[in-house]
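Hi,

Here is the structure I said I would pass on.

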Amino acid sequence: MSDIAVVGLDGSFPGAAGPQAYWDLLMSGEDAIAEVPADRWDKSAFHDPHGAMGHTNTTAGGFIADADAFDHEFFNISPREAEAMDPQQRLLLQAGWRAFEDAGLDPRRQAGTRTGVFVGVMGNEWAQLHMTDYDRITAHLGSGNGYCMIANRLSYHLDLKGPSWAVDSACSSSLVALHQACVALRGGECDQALVGGVNVILTPALHIFYSQAGLSAPDAACKPFSRHANGIVRGEAVGAVVLRRLEDAVAAGLRVYAVIKGSAVNQDGRSNGLTAPNRWAQQEVITEAYRRAGVRPQDVVAVEAHGTGTVLGDMIETNALGAVHSVEREQPCAIGSVKGNIGHTEGAAGIAAVIKVALALDRGVLPPSRHARTENPQLKLRDKGLRLLKAPLRLTDDTAVVSVSSFGLGGTNAHVVLASPGADTRPQEPGGGVLTVSANNPEALARNAGQLAEDVRAAPERRIGQLCWSSNQVKSSGRHRLAIAVSTKDEAVTALRRFAAGERAAAIATGNRRTVSIGWLFTGQGSQYPGMTRGLHTHYGSYRRALAEVDEAMAPFLGGSIVQHMLDGSAQIDTTGLAQPAIFATGYALGRTLEETCGEPEWMLGHSVGEFAAAVLAGALSLPDACRLVAARAELMQGLPAGGGMLAARCPAESVEPLLADEPTVSLASLNGPEDVVCSGPLEALERIADRLGAAGVTTRRLQVSHAFHSSMTEPVLAEFAAVASQVQYRPAQRAVYSTLRGRLLGDGELMDAAYWTQHISRPVRFFEAITEALRQGASHLVEIGSRSVLGPMLRRTPAARGIPVLTPCPGPQATGVELSETVARLYCDGLSPNWEPLYEPGQRTLHRLTPYAFSTATRFWAGAPARPDGPRRMELIATRDQPTPEPRPERADVTEADAFERDVLGVVADVCGYAAHEIRADSLLHEELGFDSIMLIQLKDRLEQRWSQPIDAAELLPELTTAGDITRFLRSRTAPDALLSR
């Protein structure tokens, strides 16, 4: 039988708002039983200490906090639908999301996967309150209730394609659901499963039932296996776990809480009563589960028992356990029940027990059993090979086995065997990365940034890279985004806390998800310096690998390693013979790294020798051929006599060209802008040109180069280079390349051939013309690929580039390496979905659990009145929402009829979805922001027809609606103007 891994979990329990609080409650041995909240029912009206008919003998139970809170906007659910939904659906939707995140899985990225959803649920009191008021039943009340919808809604909202159903076997519901999930995983019906259980108490109905059946503890204390045991206490809970086949979990690098070795389900059949437990059936289901798990009773360290705290139930259960476990063993088998801490959570009891055991196996300690110090001597536990835990039990064995029982009121029994996942041997490689957080709005972004700050603060410094990697995998896909490139945890914690407090931290990038198109600019001659790209080489394995690739390809033509010259800090790198190969190597390696991380660019453009790297990455040249050409070019230019130089002038090319006619040894080297030219030639000739330009008021500056190509040396050098270039194979570029030789986009099939590269040596670099045309194609961002920021300053003088951010992964000699991470962080915040892997070393690409998404509790949905003993009543749904305060609108005398019409239309939209009118804008997205579904769209059609007494064809209306403003445009296009204004 295949082992099943529990890889993620989440839940909310009485007195414990999350798994860690739940664990703390269990380890403290306390309970969380409290008085019935006033919004459930009038506890005094229904209470009678003797349990008279129609009354309950207790006024307490286990209740979860914020059962009415629901972050509906996060799930794109309208207020109108949210208020109609069973709170059990709302709670499980949030718990399921958080369980995926706890597993190290982005819930959004589970869309389309073969993930099954199996939910245990026993009660549906929300439907009892609202579905019997027949004249108030709405479509959303129908879809918002019913057991099936609790599972199906999870599958719908997360777009999960595996089996999806709810299980009701009373108290064993969620453990039966877990068993069914394991069967589906082993049988190949799904590749992943989300298993949940939920119970919310809204009416006193079952309190009264348990009191009348003699099952309710009058002192409101559930005391499993205690001599004071006198009944159950009802409790609420919501819990969810994510399951994978163990081999799949290991292959995916997921952390494992516990391993499910086997499970079994059976039925009591005919016993001494429909609701009475059957010892023999319980014994059989435990034995069968052990057989399937391949374990012996003596291998089982502990059993998380059903343990209801009823005299009969405890006796029958311990007899069944004793029949199995009274074998020769070193220590008696420990037993306990979480019901002593949180009460009997009914349909969620099994998942609450499984989460307790999974946490215990993960932490290597089993919590004590509440009321163990008052053990019932009549149970004779020692004689049965059993014992109650008075103190936490250390699980020293990495293969510790603990099992869970859950027995349904109607006789459906389930037993599950879990084992320790083994020792954690994950690497702990130091280094930084990019921390990411995302959310559905700015307030949620700040809230979750604050939570991430605490996760980082609590982690060891050596784990910072793993935390960054984990945040990229789990917390990066939302609409509103935050990213910070970090090297140490202290700087990360400080920046995140400042952001959470409403301050803007310079180190943090933020933005909204949108379409990103990137242009690549490859830096040319003059960007070299000793130690160039050392920071990139130190921090990024992807850059090292790409640089090693080009180094190997270049070595035969260069006679040695160009990378060694780049990194050793020698001033020799400034010689042309080394500078040009180094510039090419940097452009190629950094381009490859960005390609792996950010995907293909919209287009490429290379300045001077930088165009060779663009050609290779565009597919126009092979890497070896490009290395041959670059090495030959560098060697020939290195061989030019000294005394050459370059002169930059801030003036139009037309002002320089007449001077070049008088100085035939000087060439126009580059056109970098409408008033930015560079000349190349002998120093003496350049001095004369500089004097003449200076006299005309033109600013010039000399550029330091070891060799400069000029026209007096054209023919012999070009001929020699052309001979080398003729030996190379050329092919059309596979990506858009804007040629700085031609000053335009290369056409389809146009080769960068031998003639092209030969002309490339001597003709001007037409950078300004090329970049101007490239920007007409469009780019939201530009990335300068090279070892120094050279082209960015030029672009600031280019009108077409104004307002477009220019990102520089390696800004110059001061670069530390973190700038590449900052570049990716900026692109991510602006909408890119990066491949994060190239930013991390293998040991850093290890998932580390982060606190799951912190949902807003500002919006609450509940029934309008608590239950009273005076019979049925009309129920009102109420919503309490923290709405943004509308800005006062000044009275306008110039409001047009068109404005008034749009305002009326948006008012209808607001009425349908439940938002306040001032919250609806013309550009509000109907589905993504306002939560419109097919039901609401039909309601909208009906309301529009009623409002303007005009028939509307749904087949024409529905396909055209994306925003609220689309409705106005639709009505105007199909209805006469005077009809629109009629009321």
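Let me start with a cysteine: Cys 222 is buried, at a relative accessible area of 3% (buried is under 20% relative accessible area, exposed is over 50%, and partly exposed is in between, with a 1.4 Å probe and protein chains only).

Before the rest, some housekeeping. This is a predicted model, where local features need pLDDT of at least 70 and side-chain atom pairs count only at pLDDT 80 or more, while totals for chains, interfaces and linings use all residues. Residues are numbered from 1 along each chain as its sequence is written, and side-chain values use heavy atoms, with hydrogens and water left out.

**Cysteines**

How many disulfides are there? The count comes to zero, taking a disulfide as a pair of cysteine sulfur atoms within 2.5 Å. For Cys 222, the nearest cysteine sulfur belongs to Cys 171 and is 11 Å away, and Cys 222 is in no disulfide. Cys 190 is in no disulfide either: its nearest cysteine sulfur, from Cys 182, sits 9.5 Å away. Cys 190 is buried too, with a relative accessible area of 0%.

**Salt bridges**

There are 47 salt bridges in the structure, a salt bridge being a side-chain nitrogen of Lys or Arg within 4 Å of a carboxyl oxygen of Asp or Glu.

One of them pairs Arg 447 with Asp 71, with 4.0 Å between the closest N and O atoms. Arg 447 belongs to helix H15 (residues 442–458) and Asp 71 to the loop between strand E3 (60–62) and helix H3 (79–84), so this pair ties together parts 376 residues apart in sequence. (Helices, H or I with at least four residues, and strands, E with at least two, are DSSP runs numbered from the N terminus.) Asp 71 is buried at 6% relative accessibility, whereas Arg 447 is partly exposed at 30%.

Glu 288 and Arg 291 form another, with the closest N and O atoms 2.6 Å apart. Both residues lie in helix H11 (residues 279–293), three residues apart, or about one turn of the helix. Glu 288 is partly exposed, with a relative accessible area of 23%, and Arg 291 is exposed at 57% relative accessibility.

Then there is Glu 929 with Arg 921, where the closest N and O atoms are 3.6 Å apart. Glu 929 counts as partly exposed at 28% relative accessibility, and so does Arg 921 at 42%.

Lastly, have a look at the network of salt bridges that links Arg 114, Asp 191, Arg 245 and Asp 248.

Cheers
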